[in-house]
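Colleague: I'd like to learn how to read a structure like this one feature by feature. Can you walk me through it?

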Amino acid sequence: MDLNLSPAGTGDADLIKDTSEATFMSDVVEASQTVPVIVDFWAPWCGPCKTLGPMLEDAVRAAKGAVKMVKINVDEAQQIAGQLQIQSIPTVYAFFKGQPVDGFQGALPQSEIKAFIDRVIKAGGGAAPGEELSEAVAAADDMLAEGAAQDALDTFAAILGEDPNHAGAYGGMVRAYIALDQLDQAEAHLNGAPIEISKAPELEAAHAQLQLARQAADAGPVAELQAAVDANPDDMQARFDLAQALYAHGDTQAAVDQLLTLFGKDREWNDGAAKTQLFTIFEALKPNDPIALNGRRKLSSMIFA
């Protein structure tokens with residue numbers, strides 16, 4: 001499947017360059033009349049600059065010409081640094097139409113750098129590449145919700161062909177494998193995640209869903225477990241097993257309710273298994289899911305009661 005999401009490439013020499021006080025007007029002010037220009041103020045003695053600079057360059061390359069980058073050594077451009085009131089480095093400014101439109105000081109993680117680049121591209125009237133990919137991810141999510149797991153899997157794979165580090169698509173592939181009941185493939189894909197996104201929320205959620213899917217495969221019959229709990233409400237293992245069976249049958253709210261009841265009866269049972277299971281379910285759900293929001297609130301009120 002070819003999404004054709006990438007615009008034509010642009011050479012590094014045109015995208016990223018060093019500048020000086022003599023060429024600042026042409027490289028930044030004039031160049032920014034047509035495309036936003038990011039200016040990285042750095043110095044050879046600045047430790048954080050050595051980390052931030054390459055990350056910025058990677059993000060600019062990924063934007064495929066929607067934004068350019070200029071690097072300027074403040075030790076050799078003190079007049080410009082003074083005019084722009086550069087107080088500390090690294091400092092990054094974005095210019096469009098000759099004017100600063102955004103900026104930040106200090107080092108940032110890659111995810112925030114990408115968000116900064118996307119904002120700058122929008123400020124210049126462009127469409128950030130990430131937006132098209134996000135729309136494709138949303139479409140694949142809809143396919144998954146509608147039961148078209150194979151189509152969703154193919155779409156997530158195509159997105160990863162464009163951006164191998166897209167956490168939403170990577171987690172989506174895991175979820176699609178789970179929906180196809182290909183749990184080993186889901187686990188292998190999850191274990192092979194690039195280190196840059198291995199701790200991303202989308203992958204943490206996919207990991208939680210995989211855990212729950214593994215449990216669901218061994219879940220017992222709901223009716224029998226419900227009867228056991230009704231016969232002995234203090235049978236913690238039966239209640240825990242019932243919660244797993246309810247989740248396996250798609251009744252997430254009932255599963256959460258059983259686990260909250262278990263926690264209320266004996267929060268230390270089985271090394272706090274009820275709380276651990278609740279957190280796994282909450283993590284597997286979307287952050288704004290009412291079941292997760294209400295469940296977290298109820299659990300917190302019980303913990304701090």
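Predicted model: local features only at pLDDT ≥ 70, side-chain atom pairs only at ≥ 80, totals over all residues.

Colleague: Okay, strands. Which strands does β4 pair with?

Modeller: Helices (H or I, at least four residues) and strands (E, at least two) are DSSP runs, numbered from the N terminus. Two strands pair if DSSP finds at least two bridges between them. Here, β4 runs antiparallel to strand β2 (residues 37-42), with five bridges joining them. One partner pair there is D40 with V92 of β4. β4 also pairs with strand β5 (residues 99-105), again in the antiparallel sense, over six bridges. On that side, F96 has Q99 in β5 as its bridge partner.

Colleague: How do I read burial on a helix, say α9? Which of its residues are buried?

Modeller: In α9 (residues 183-191), the buried ones are L183, A186, H189 and L190. They span an arc of only 125 degrees around the axis, which puts them on the same side of α9. That arc is taken from the directions from the helix axis to the C-beta atoms. The face turned away from the buried side carries D184, A188 and N191, which are exposed.

Colleague: What does the buried side of α9 pack against?

Modeller: Contact means heavy atoms within 4.5 Å. The buried residues of α9 pack against α7 (149-162), α8 (167-179) and α10 (201-217).

Colleague: Now the charges. How many salt bridges does the structure hold?

Modeller: The general idea is that side chains of opposite charge can pair when their charged atoms come close. The cut-off for a salt bridge is a side-chain nitrogen of Lys or Arg within 4 Å of a carboxyl oxygen of Asp or Glu. By that rule the structure holds 10. One of them is D27 with K17, where the closest N and O atoms are 3.6 Å apart. D27 sits in helix α2 (residues 24-30) and K17 in strand β1 (residues 16-18), so the pair ties together parts that are 10 residues apart in sequence. D27 counts as buried at 14% relative accessibility, while K17, at 33%, counts as partly exposed.

Colleague: Which residues are joined into one network by shared partners?

Modeller: Start with E57 and K71, whose closest N and O atoms are 3.1 Å apart. E57 belongs to helix α3 (residues 47-62) and K71 to strand β3 (residues 68-73), so this pair ties together parts that are 14 residues apart in sequence. Both count as buried, E57 at 15% and K71 at 18%. R61 also forms a salt bridge with D58, at 3.1 Å between the closest N and O atoms. R61 and D58 both lie in α3, three residues apart, about one turn of the helix. R61 is partly exposed at 31%, and D58 is partly exposed at 45%. Salt bridges that share partners join E57, D58, R61 and K71 into one network.

Colleague: What about the disulfide? Which cysteines does it join?

Modeller: A disulfide is a pair of cysteine sulfur atoms within 2.5 Å. The structure holds one, and it joins C46 to C49 with an S to S distance of 2.2 Å. The torsion about the S-S bond of C46 and C49 is about 85 degrees, so the disulfide is right-handed. Both cysteines, C46 and C49, are buried.

Colleague: Last, single residues. What does T280 touch?

Modeller: T280 is in helix α14 (residues 273-284) and counts as buried at 10% relative accessibility. Leaving out residues up to four places away in sequence, T280 touches A208, Q211 and L212. A polar atom of the T280 side chain also lies 3.0 Å from the backbone oxygen of T276.

Colleague: And Q79, buried or exposed?

Modeller: Q79, in helix α4 (residues 78-83), is exposed, with a relative accessible area of 54%. Q79 and E21 are 58 residues apart in sequence, and their C-alpha atoms are 7.7 Å apart in space.

Key:
Residues numbered from 1 in each chain as written. Heavy atoms only, no water. Buried < 20%, exposed > 50% of the residue type's maximum accessible area, 1.4 Å probe, protein only. Polar contact = N/O pair within 3.5 Å; in protein donor to acceptor, adjacent residues only side chain to side chain.
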